[in-house]
Amino acid sequence: MTADASDAVEIRNALLRLRRATGLPVAFGGLLEAGRQMRISELSGTATDALRSLAVTSGNGLGGKTVVLARPCVVTDYSVSRQISHEYDAPVAVEGLRSVLAVPVVVRHGVRGVLYGALRTALPLGGRMLEAAVEAARDVERALVVRDEARTLAAGGGAGAGWEQVREAHAALRALAPKIADPELRDELLEACALLTAGSASPARVRPAPREVDVLACVAAGATNAVAAERLGVTPETVKGYLRSAMRKLRARTRGEAVVAARRAGWLP
């Protein structure tokens with residue numbers, strides 16, 4: 001699948017979560033382009049632009065090693081590490097980075113990108129930091145899987161970009177409805193949402209709870225649990241609960257399957 005601007009936003013948001021969860025002052029990352037290169041497109045906490053747009057070839061440096069192994073890699077002092085090659089020492093030195101971790105973003109058994117976290121001192125990066133970085137990467141993976149499903153469905157069904165805009169509008173309206181104090185106006189808005197799903201050929205036998213639809217609409221738009229929680233004004237755990245309930249009703253095993261099943265059942269446009 002080809003990366004687009006929305007995929008880059010997922011990387012950017014994941015870097016912010018990585019920094020908050022680990023306490024690391026610097027984070028950066030990017031997605032793989034055609035061939036064997038990964039380009040660093042997103043920076044968070046950096047002091048310079050030395051790493052921006054840096055093309056990392058598979059196998060080279062810490063990120064390239066992570067792409068090849070498809071697993072997290074860590075170095076305590078980048079410039080002198082014997083565990084990696086040193087094609088990118090110059091930009092790393094300009095930014096003043098010493099301890100660096102790199103975590104792959106893996107979708108359907110293929111590496112799609114890399115998230116980095118770094119210190120400007122040579123200190124060991126503990127297991128908890130690595131776990132938090134891996135979880136940030138998992139958020140990106142889940143979002144990319146859903147986006148891939150949406151692109152595939154749009155291409156296969158001939159819906160095109162216009163239909164995707166309808167789905168994005170549906171998600172935005174569902175998220176807005178609970179914030180409207182006037183009950184009549186809120187009901188009118190929800191009725192408008194229902195019109196967007198009225199063309200389903202397979203109406204659901206099991207009806208969803210309104211919040212289950214809200215969560216699925218956010219997921220269908222590519223939102224992670226954290227982003228969906230922020231949009232809906234609830235906690236990430238609440239989002240997970242509604243998503244699990246919806247998946248049970250839809251007999252779906254994954255988020256992507258849930259979105260596809262919800263569209264077939266007429267829950268989503």
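Is Cys 73 buried or exposed? Cys 73 is buried, with a relative accessible area of 5%. Buried means under 20%, exposed over 50%, and partly exposed in between, with a 1.4 Å probe and protein chains only. Cys 218 is also buried, at 1%. The disulfide count is zero, a disulfide being a pair of cysteine sulfur atoms within 2.5 Å.

This is a predicted model: local features need pLDDT of at least 70, side-chain atom pairs count only at pLDDT 80 or more, and totals for chains, interfaces and linings use all residues. Residues are numbered from 1 along each chain as its sequence is written, and side-chain values use heavy atoms, leaving out hydrogens and water.

Now the salt bridges. The whole structure holds eleven, each a side-chain nitrogen of Lys or Arg within 4 Å of a carboxyl oxygen of Asp or Glu. One of them joins Asp 49 to Arg 52, with the closest N and O atoms 3.4 Å apart. Asp 49 is exposed at 53%; Arg 52 is partly exposed at 40%.

Another pairs Arg 138 with Glu 141, at 2.5 Å from N to O. Both lie in helix α4 (residues 127–157), three residues apart, about one turn of the helix. Helices are DSSP runs of H or I with at least four residues, numbered from the N terminus. Arg 138 is partly exposed at 24%, whereas Glu 141 is buried at 11%.

Asp 214 and Arg 211 form a salt bridge too, at 3.0 Å between the closest N and O atoms. These two residues sit three apart in helix α7 (residues 210–220), about one helical turn. Asp 214 is buried, at 4%.
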